[in-house]
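Reader: I've got a new model open and would like to learn how to read its strands and helices. Can you walk me through it?

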Amino acid sequence: MGKLWIFDFDGTLVDSEVAIKHCYLKVTEKLLPERINFVENILIGPTLEETAQSILTNKNLHLKDLFIKEFQSQYDGEMVLETPIYRNVSEVLENLKSNGDSLSVLTNKRAIPTHKLIKHYKWDNFFDWVACMDNYPDLKNKSELLKKQDIPKKNYSKILLVGDTVNDGITAEKNEIDFIKVNYGYGREQDWQGINIFKSIDKFDELLLI
């Protein structure tokens, strides 16, 4: 009976910060240039809608639909393919799969760029399922997204959620599964006090020792 590995995407498997921030900066410069300094320090990980709202503030929410449309148009084209993967990710995923483990993705990232990157990096055969928040518009957060997958826990020797932000840790705790924190991701400056961490890793290939 193998393990089930549930991976966050941005900041865990792929280093999407540069490409995503570049796109946020371009769209903000076009629609609301006075918020450029705020965008320089945003956290990569929340949904596009959440980030758009934080950039625009309540004062400019009338621009939200346009902001999202502009972002999707620019990012979903070629810009998303500027996203590199972290070192040894492909090799580790292949190794875990070869060991008989099951792999999956749970992400706030939208489905179109997520699947585009999975195809680009030839990971199509690695994941049993890929859950993206925008595929379930009725859900509020990643915890609900994970519950929606209705995982038969008895089928696995262990279930582990691997992620880089506090939200990933909360998601794991609310679903009563172990959380592995990757220290190289985007949650480095977040307050981790009170988050239950099963293991913490500095490099992706350390997963092979768990």
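Reader: Let's start with the strands. How many bridges join β5 to β6, and do they run parallel or antiparallel?

Author: First, the general idea: strands of a sheet pair through backbone hydrogen bonds, either parallel or antiparallel. Keep in mind that this is a predicted model. Here β5 and β6 run parallel, joined by three bridges. To see one spot on your screen, look for Val182, which stands opposite Ile201 in β6.

Reader: Okay, and what is the order of the strands in the open sheet?

Author: Read across, the six strands go β3-β2-β1-β4-β5-β6, and the pairing is parallel. The edges are β3 (127-132) and β6 (199-201); each has a single partner strand, so one side of each is left without a neighbour in the sheet. As you step from one strand to the next, the twist averages 20°.

Reader: Which strands are joined to β4, and by how many bridges?

Author: On one side there's strand β1 (residues 3-7), running parallel to β4 with five bridges.

Reader: Why is β4 described as largely enclosed by the rest of the structure?

Author: Count its buried residues, meaning those under 20% relative accessible area. Strand β4 (residues 158-163) has five buried residues out of six, so it is largely enclosed by the rest of the structure.

Reader: Back to the edge strand β3. What does Val130 touch?

Author: Val130, which is found in strand β3, touches Val105, Thr114, His115 and Ile118, if you leave out residues up to four places away in sequence.

Reader: Now the helices. At what angle do α3 and α4 pack?

Author: In general, two packed helices are described by the angle between their axes and the distance between the axes. For α3 (residues 48-56) and α4 (residues 64-75), the angle is about 125° and the axes are 10 Å apart. That makes α3 oblique to α4, and the crossing is right-handed.

Reader: Which residues make the contact?

Author: From α3 it's Leu48, Glu49, Ala52, Gln53, Ile55 and Leu56, and from α4 it's Lys64, Phe67, Ile68, Phe71 and Gln72. By type, that contact splits into seven nonpolar, two polar and two charged residues.

Definitions and conventions
Residues numbered from 1 in each chain as written. Predicted model: local features only at pLDDT ≥ 70, side-chain atom pairs only at ≥ 80, totals over all residues. Heavy atoms only, no water. Axes fitted to C-alpha atoms, helices over the stretch in contact; angles between N-to-C directions. Helix = DSSP H or I, 4+ residues; strand = E, 2+ residues; numbered from the N terminus. Parallel < 35°, antiparallel > 145°, perpendicular 65-115°, else oblique. Left-handed = near helix turned anticlockwise from the far one by under 90°. Contact = heavy atoms within 4.5 Å. Nonpolar A, V, L, I, M, F, W, Y, C, P; charged D, E, K, R; others polar. Buried < 20%, exposed > 50% of the residue type's maximum accessible area, 1.4 Å probe, protein only. Pairing = 2+ DSSP bridges.
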